[in-house]
Amino acid sequence: MDRIAVRGGTPLKGEIAISGAKNACLTLMPAALLTDEPLTLTNTPRLADIKTMSELLESLGCEVAPLQDRRVLAIGTERISNHTAHYDIVRKMRASILVLGPMLAREGEAIVSLPGGCAIGARPVDLHLKAMEALGAVLELEDGYVHASAPNGLTGAVVDLPFASVGATENALMAATLAKGESVIRNAAREPEIVDLANCLIAMGAKIEGAGSSEIRIQGVPRLHGATHRVIADRIEAGTYMIAAAITNGDIVLTGVTRDLVGAFADKLEEAGVLVEDVEHGVRVRRAGEHLKPVHIETEPFPGFPTDLQAQMMALLTLAEGDSEIEEKIFENRFMHVPELSRMGAHIEVHGGAAMIHGPAHLTGAPVMATDLRASVSLVLAGLAAEGETIVNRVYHLDRGYERVEEKLSACGANIRRLSE
Ligand code: UD1
């Protein structure tokens with residue numbers, strides 16, 4: 001298994017090009033199931049999760065052609081030849097549940113393995129299932145699989161989400177595009193990735209209003225057609241490299257993004273003493289003064305502070321002059337990076353869903369291990385600021401969501417390398 005070795009202490013300087021958003025791509029790809037014409041996605045990130053979604057789509061009968069060095073994916077679904085998303089693939093990646101809505105809408109049947117728990121909590125899919133039921137599907141659970149059927153097609157309805165779940169909003173939105181009549185998704189998630197999905201569906205002929213607000217209205221159409229769509233930039237990747245600039249007291253321009261894309265996160269970085277400025281081709285990030293300030297953070301659905309940047313922000317706050325607090329409100333058990341950061345010299349106490357970070361710490365390199373994607377990159381960030389060498393084990397987590405992390409960071413002067421085994 002590959003590891004990453006980081007030797008800290010170099011202020012990072014230069015430019016980093018931000019890739020297409022993993023989370024947008026993972027919902028745009030299943031949207032291809034809604035039509036028998038090709039869907040071409042450009043600006044696709046080259047990540048392990050995208051490969052897993054390709055495998056899942058291929059298992060259902062799609063043809064997925066990676067073009068231009070995997071920067072473009074052409075997905076053709078002339079016929080869905082198999083209605084079952086098997087456990088072997090679904091267990092690898094929870095986003096697999098996103099084939100449920102489109103397959104059910106087009107075929108009137110979908111059999112999808114339940115994903116089960118994962119390292120950051122129970123993560124049930126009850127809201128996805130309730131949304132499908134609201135649209136007229138009949139569901140049965142058998143042997144760990146959900147069998148969803150709607151032999152006469154789905155019917156437009158009000159889908160009232162008790163929590164603004166990103167995935168459940170995406171599944172409901174895709175399913176409703178082919179349902180008969182009007183659907184309204186209430187308390188919809190407002191993430192930019194949902195807007196990106198809606199824009200792609202509109203390009204495919206769907207009738208959607210209100211994406212990006214908490215009420216999305218969809219007029220069902222009998223069929224969708226092919227389209228070409230550019231995946232939006234990855235705001236989580238951008239936020240991660242913003243922290244790389246701040247944690248090393250460096251100066252980085254992230255190209256292909258704007259400050260708006262990372263809204264609440266940029267506000268918190270500024271509160272912590274980091275400048276985040278729009279420049280000609282992107283966003284420039286550097287510290288405002290020598291010291292970082294402590295801040296209070298609560299993770300929230302968009303437009304609040306994203307849970308996917310919580311671990312990285314914690315790494316930064318270990319260096320702030322004073323006590324910071326982070327409350328994790330989206331996922332239970334998303335503090336697995338804490339014991340590892342502590343092994344590097346951080347002073348952090350966790351009480352339930354809140355972590356108190358006592359700064360400033362003097363970070364020192366150590367062998368560390370991560371249990372999820374964002375936790376592992378937070379250890380790379382801490383390693384960039386630590387004295388000595390940090391070895392991050394289980395790099396496959398990083399490869400799920402960060403494209404060539406060691407190349408992007410070393411181009412800005414980081415002493416980082418991959419140790420392949
Ligand atoms: C998506 C992102 C993930 C991000 C998360 C929150 C993708 C592929 N992944 O995940 O990176 O961290 O949004 O911004 O886009 N919940 C239920 N029942 C459900 C669905 C969710 O209880 O049916 C709970 C979850 O356990 C969690 C919370 O709702 O506590 C948020 O989950 P959700 O917004 O659905 O996140 P995902 O779509 O899984």
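Two elements, α2 (48–60) and β4 (63–67), each supply at least two residues of the lining of the second largest pocket. Helices (H or I, at least four residues) and strands (E, at least two) are DSSP runs, numbered from the N terminus. The model is predicted: local features need pLDDT of at least 70, side-chain atom pairs count only at pLDDT 80 or more, and totals for chains, interfaces and linings use all residues. Residues are numbered from 1 along each chain as its sequence is written, and side-chain values use heavy atoms, without hydrogens and water.

The pocket volume is about 190 Å³. Of its 13 lining residues, Lys51, Ser54, Pro66, Arg70 and Leu73 are the closest to the centre. A pocket here is an open set of points on a 1 Å grid over the protein atoms alone, where a 1.4 Å probe fits, with protein on both sides within 12 Å along at least five of seven lines; lining residues have an atom within 4 Å of a point. The volume is the space filled by probe spheres set on the points, which are joined across faces, edges and corners. Helix α2 gives the largest share of the lining, 5 residues.

Strand β4 also belongs to an open sheet of 4 strands, ordered β4-β5-β3-β14 with mixed pairing. β4 and β14 (227–230) stand at the edges with a single partner strand each, so one side of each lacks a neighbour in the sheet. The twist averages 15° from one strand to the next. β4 and β5 (residues 72–76) run antiparallel and are joined by 5 bridges; pairing requires at least two DSSP bridges between two strands. Leu67 has Val72 in β5 as its bridge partner.

Key
Axes fitted to C-alpha atoms, helices over the stretch in contact; angles between N-to-C directions.
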